[in-house]
Amino acid sequence: FSALVFYFLQNYLERKTFKSALLLGVFAGLLALCKVNYFIWLATALLIALVAIYKNHHGRERLYSVLALLLPIIIINAYWWLRNYQLYGDPLIVNYISNQIKINAPDWFAPPAVRGYNIFSILFEANFIKFTYLGFFASLGGAIIFLPIIVYYIFYLLLFSPVVLALYNSFQLRSNRLQVAFLFLLIWLSLLYFANKNLTDFSPQGRHLFPLLFVFAWLMYLGLCRLKNRFLISIFPLFSLAAAIYSLWFMVDRFYVKGSGYVSSSNFGNYLGDFSWRNLSL
């Protein structure tokens, strides 16, 4: 749903049609049903779309476009927000869950806020670093299975080269300065929001930062948009496809076949001693 919101946001910015706004609203509404941390990306996409509607439409056309964008979100989510409010006094249940964690936390558990961490220092706490950052870019699931190091070298090269190019273009060529600054602000806001959550509810997980994938994709686009060499640009989707297929094979081979990635007792039963690639139905 995040990818579809990203796609139809771009589609609307290019075509500025009622249909594009409506489809963006539908998938934004479906995304709003998912994890609350995606509201950072959702709010960003809606803000950009609303600004575009205001600039490109007038009168009734502007009103219809706004309704096409916002009504699907309200229609898809209204029942759940109302039900959550009736049951928990909180439309998104975020504060309710946070309060339950505080009330039911065991005596031996001291939240990071009690141990003296603040919204900035927790970003460098050892377990926060391990489980958040590794979970975001490196380890495959709870099994903590790592790909060969060369994959990460290529990944970082392909990630940071366009981001550096985007920064260079914005400072030296005065291109897309506002967009680049806005995207880096989003990175910080996402990190600080997640850090603040972990001060009381300490559950660092890399997937909570997945909305930033679209921010990095956008930065990469701004870095690559001036390149004319099709071969260089084609490396990015080809590496992504190869890495996805290889990661899936590697995960199955290490986790199910060889059983070398277990880190908790709940995983032990997943080892398939009789597994072979010829007998894939196991």
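A polar contact is a pair of N or O atoms within 3.5 Å; within protein, one must be able to donate a hydrogen and the other to accept it. In this predicted model, the side chain of Ser170 has a polar atom 2.8 Å from the backbone oxygen of Leu167.

**Ser170**
- Ser170 belongs to helix α7, which spans residues 149-172.
- Its relative accessibility is 3%, so Ser170 counts as buried, the cut-off being under 20%.
- Leaving aside residues up to four places away in sequence, Ser170 touches Ser175, Asn176, Arg177 and Val180.

**Loop residues with positive phi**
- Lys16 sits in the loop between α1 (2-15) and α2 (18-31), and its phi is near 55°, a positive value in a residue other than glycine.
- With 32% relative accessibility, Lys16 counts as partly exposed.
- Ile93 lies in the loop between α4 (59-88) and α5 (94-104); Ile93 is not a glycine, yet has a positive phi of about 65°.

**Pairing of α2 and α4**
- The axes of α2 and α4 come within 8 Å and cross at roughly 25°.
- Angles under 35 degrees count as roughly parallel, and α2 and α4 are therefore roughly parallel to each other.
- The crossing of α2 and α4 is right-handed.
- On the α2 side, the contact is made by residues including Phe18, Leu22, Val26 and Leu30; on the α4 side, Tyr64, Leu69, Ile73 and Asn77 are among them.
- The residues of this contact comprise 13 nonpolar, 4 polar and no charged.

Conventions. Residues are numbered from 1 along each chain as its sequence is written. This is a predicted model: local features need pLDDT of at least 70, side-chain atom pairs count only at pLDDT 80 or more; totals for chains, interfaces and linings use all residues. Side-chain values use heavy atoms; hydrogens and water are left out. Helices (H or I, at least four residues) and strands (E, at least two) are DSSP runs, numbered from the N terminus. Buried means under 20% relative accessible area, exposed over 50%, partly exposed in between (1.4 Å probe, protein chains only). Contact means heavy atoms within 4.5 Å. Axes are lines fitted to C-alpha atoms, for helices over the stretch in contact, and angles run from 0 to 180 degrees between N-to-C directions. Angles under 35 degrees count as roughly parallel, over 145 as roughly antiparallel, 65 to 115 as roughly perpendicular and the rest as oblique. A crossing is left-handed if the near helix is turned anticlockwise from the far one by less than a right angle, and right-handed if clockwise. Ala, Val, Leu, Ile, Met, Phe, Trp, Tyr, Cys and Pro count as nonpolar, Asp, Glu, Lys and Arg as charged, and the others, Gly among them, as polar.
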